[in-house]
Amino acid sequence: GAPLGAAAFHYHNFYEIIYVLEGEYSSLLENQMYQLKTGDFLLIDANVMHKYLFIEKKHDSSRRIILWITKSMLDQLADQSIDLTECFHNHEYCAYHFPIYYEELLRGFLMKLVLSEVMDGQTPASKEVMDRGYLTLFFAYLNLLCNTGEYSFKKEETISHPLVETVSSYIDKHIQSTISLEELAQEVHMSKYHFLRKFKELTGVTVHSFITNKRLINAVSGLKAGKSITQVYQESGFSDYSSFLLLCFISLPTLLTDF
């Protein structure tokens with residue numbers, strides 16, 4: 001079945017890498033659907049809305065390695081010499097299939113991390129050093145491969161969802177304003193009822209929840225840029241200060257990283 005909590009749009013303050021060990025796997029990032037096969041990698045940036053698209057029978061035998069890592073950890077691994085987070089940014093498509101040699105190399109580092117046990121005579125400290133070494137090698141190679149531009153999925157290997165794209169783009173453009181369900185339905189040329197049902201069916205979340213999450217993600221960007229709380233809540237379209245603070249208390253711990 002679908003990973004717990006992953007069948008509806010969600011986001012988090014860390015980076016996520018999915019490597020398909022066996023079978024197939026599908027995921028929706030904002031409005032782009034990726035259908036992954038054995039050996040493929042999916043790289044998900046922090047605070048990006050995404051969900052797992054489970055297809056019964058087709059995905060029953062799927063096996064994956066999922067790696068979660070924070071920006072601060074990658075900065076520590078790189079020791080300020082290079083940017084190991086670059087593989088998550090500035091790429092049109094977020095999925096990759098590498099030549100078999102490089103795929104096996106990356107898989108080898110992941111397997112050492114997943115299956116590693118303390119060796120005879122090895123201290124926890126030395127094991128941690130080895131694990132950091134595997135992680136550093138994995139991300140050094142991954143960034144090198146991603147930045148060549150040769151191995152990412154092409155447009156014809158992805159499926160776009162115009163409904164989500166249109167709604168997301170409209171919210172981004174009007175993030176400072178009140179956004180009604182009626183105007184969104186009009187924007188996608190649907191009746192309000194049909195729009196609400198179709199959007200929930202596709203994303204796993206309500207339109208209201210989607211708008212709120214987009215506002216929170218925008219607020220985090222503002223806070224990290226050094227803006228005041230007053231400026232941030234106004235620019236993110238929250239109606240009043242108290243409701244913004246309440247949402248911050250509930251949600252921002254899952255959004256903020258290195259802040």
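Predicted model: local features only at pLDDT ≥ 70, side-chain atom pairs only at ≥ 80, totals over all residues.
**Entry: aromatic pairs**

I began with the rings, keeping in mind that a pair of aromatic rings is described by the distance of the centres and the angle of the planes. I found that the structure holds 16 aromatic pairs. I looked up the pair of F41 and F98, whose ring centres are 5.6 Å apart and whose planes stand at 50 degrees, so I noted this pair as tilted. F41 belongs to strand β4 (residues 41–44), while F98 sits in the loop between β7 (95–96) and α2 (100–115), so the pair ties together parts that are 57 residues apart in sequence. I then checked how accessible the two residues are: F41 has a relative accessibility of 0% and counts as buried, and F98, with a relative accessible area of 7%, is buried too.

I turned next to F109 and Y141, where the ring centres lie 6.1 Å apart and the planes are at 25 degrees; stacked pairs have planes under 30 degrees apart, so I recorded this pair as stacked. This pair also links distant parts of the chain, since F109 is in helix α2 and Y141 is in helix α3 (residues 124–146), 32 residues apart.

**Entry: a cluster and a charge over a ring**

I wrote down one aromatic cluster, which is formed by Y15, Y19, F41, F88, Y96, F98, F138, F139 and Y151. F41 and F98, the tilted pair from the entry above, are both among its members. I also looked at Y52, and found R64 lying over the face of that ring, at 5.4 Å from the ring centre.

**Entry: T158**

Which residues does T158 touch, leaving aside its neighbours within four places in sequence? I listed Q32, M33, Y34, Y93 and F153 as its contacts. With Q32 there is also a polar contact, side chain to side chain, at 2.8 Å. Finally, I compared positions in sequence and in space for T158 and A95, which are 63 residues apart along the chain and 9.2 Å apart from C-alpha to C-alpha.

Definitions and conventions. Residues numbered from 1 in each chain as written. Heavy atoms only, no water. Phe/Tyr/Trp six-rings, centres within 6.5 Å; stacked < 30°, edge-to-face > 60°. Helix = DSSP H or I, 4+ residues; strand = E, 2+ residues; numbered from the N terminus. Buried < 20%, exposed > 50% of the residue type's maximum accessible area, 1.4 Å probe, protein only. Lys NZ or Arg CZ within 6 Å of the ring centre and 35° of its normal. Contact = heavy atoms within 4.5 Å. Polar contact = N/O pair within 3.5 Å; in protein donor to acceptor, adjacent residues only side chain to side chain.
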